[in-house]
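Hi,

Here is the structure I promised to pass on. Have a look at it first, and then read on for what turned up.

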Amino acid sequence: MKIKSLKSILPFLDDEDLEELAIKCLENEERSFKDISLKTLLPFLDEDFIYEKLFKHELKENKDVTYMFPFIDDDAYDAFVLNSIENNNFDEKIYSMLPFLDDDTLSKIVKAYLDEEIDIDINRLYPYLDDDDIKKIFKKALND
């Protein structure tokens with residue numbers, strides 16, 4: 001008897017097999033293998049594997065990684081935002097991540113904004129910024 005769907009066996013696979021399947025999905029432009037997509041695999045994969053192997057790979061390839069956020073540590077938000085600044089593709093998704101960013105990342109956003117490297121609505125960041133960053137924005141506003 002032939003297995004009709006790999007999906008039916010996912011809950012019974014060990015970590016090694018699941019990771020092998022995830023790597024096969026990465027090798028395909030559609031991020032799938034047979035009837036399994038990378039998104040389908042995420043609930044079954046280890047958080048560290050998702051972050052180290054999948055998230056970082058996709059980030060490097062400039063692919064959408066936001067669907068992985070529920071399955072990885074908050075550090076991924078910082079990595080995503082810093083990558084967005086570097087690649088100048090800072091968009092609306094960033095605003096929803098602000099509560100999860102560390103102070104250092106927020107300061108880098110402010111610096112990029114002040115250096116006119118990114119175009120953002122700085123007003124939306126104020127509740128998350130420390131006093132030093134707010135002071136920098138204020139000084140720039142006074143001098144403009």
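Let me start with a definition: a charge sits over a ring if NZ of Lys or CZ of Arg is within 6 Å of the ring centre and within 35 degrees of the ring normal. With that in hand, look at R124, whose charged end sits over the ring of Y95 at 3.8 Å from the ring centre. The charged end of K39 is placed likewise over the ring of Y67, 5.0 Å from its centre. Please keep in mind that this is a predicted model.

Next, the aromatic rings. How many aromatic pairs does a search of the whole structure find? The search gives 5. One of them joins F69 and F80 edge-to-face, with 5.7 Å from centre to centre and 90° between the planes. F69 belongs to the loop between helix 3 (47–60) and helix 4 (75–86) while F80 is in helix 4, so this pair ties together parts that are 11 residues apart in sequence. Both F69 and F80 are buried.

Y77 and F100 also pair up: their ring centres are 4.8 Å apart and their planes meet at 15°, and because planes under 30 degrees apart count as stacked, this pair is stacked. Y77 is in helix 4 and F100 in the loop between helix 5 (93–97) and helix 6 (103–114), so the pair links distant parts of the chain, 23 residues apart. Are these two residues buried or exposed? Y77 is buried, with a relative accessible area of 11%, whereas F100 is partly exposed at 39%. The residues of both pairs belong to one aromatic cluster, made up of Y51, F55, F69, Y77, F80 and F100.

Helix 4 deserves a look of its own. Its 12 residues should span 16 Å at 1.5 Å a residue, and the end C-alpha atoms are 17 Å apart, which agrees. The buried residues of helix 4 include A76, Y77, F80, V81 and I85. What do the buried residues of helix 4 pack against? They pack against helix 3, helix 5 and helix 6. Just after helix 4, N88 takes a positive phi of about 55°.

Finally, find L98 in the loop between helix 5 and helix 6. L98 is buried, with a relative accessible area of 2%. Leaving aside residues up to four places away in sequence, L98 touches L106, R124, L125 and Y128.

Enjoy exploring!

Best wishes

Definitions and conventions. Residues are numbered from 1 along each chain as its sequence is written. This is a predicted model: local features need pLDDT of at least 70, side-chain atom pairs count only at pLDDT 80 or more; totals for chains, interfaces and linings use all residues. Side-chain values use heavy atoms; hydrogens and water are left out. Rings of Phe, Tyr and Trp (its six-membered ring) pair if their centres lie within 6.5 Å; planes under 30 degrees apart count as stacked, over 60 as edge-to-face and the rest as tilted. Helices (H or I, at least four residues) and strands (E, at least two) are DSSP runs, numbered from the N terminus. Buried means under 20% relative accessible area, exposed over 50%, partly exposed in between (1.4 Å probe, protein chains only). The expected span of a helix is 1.5 Å times one less than its number of residues. Contact means heavy atoms within 4.5 Å.
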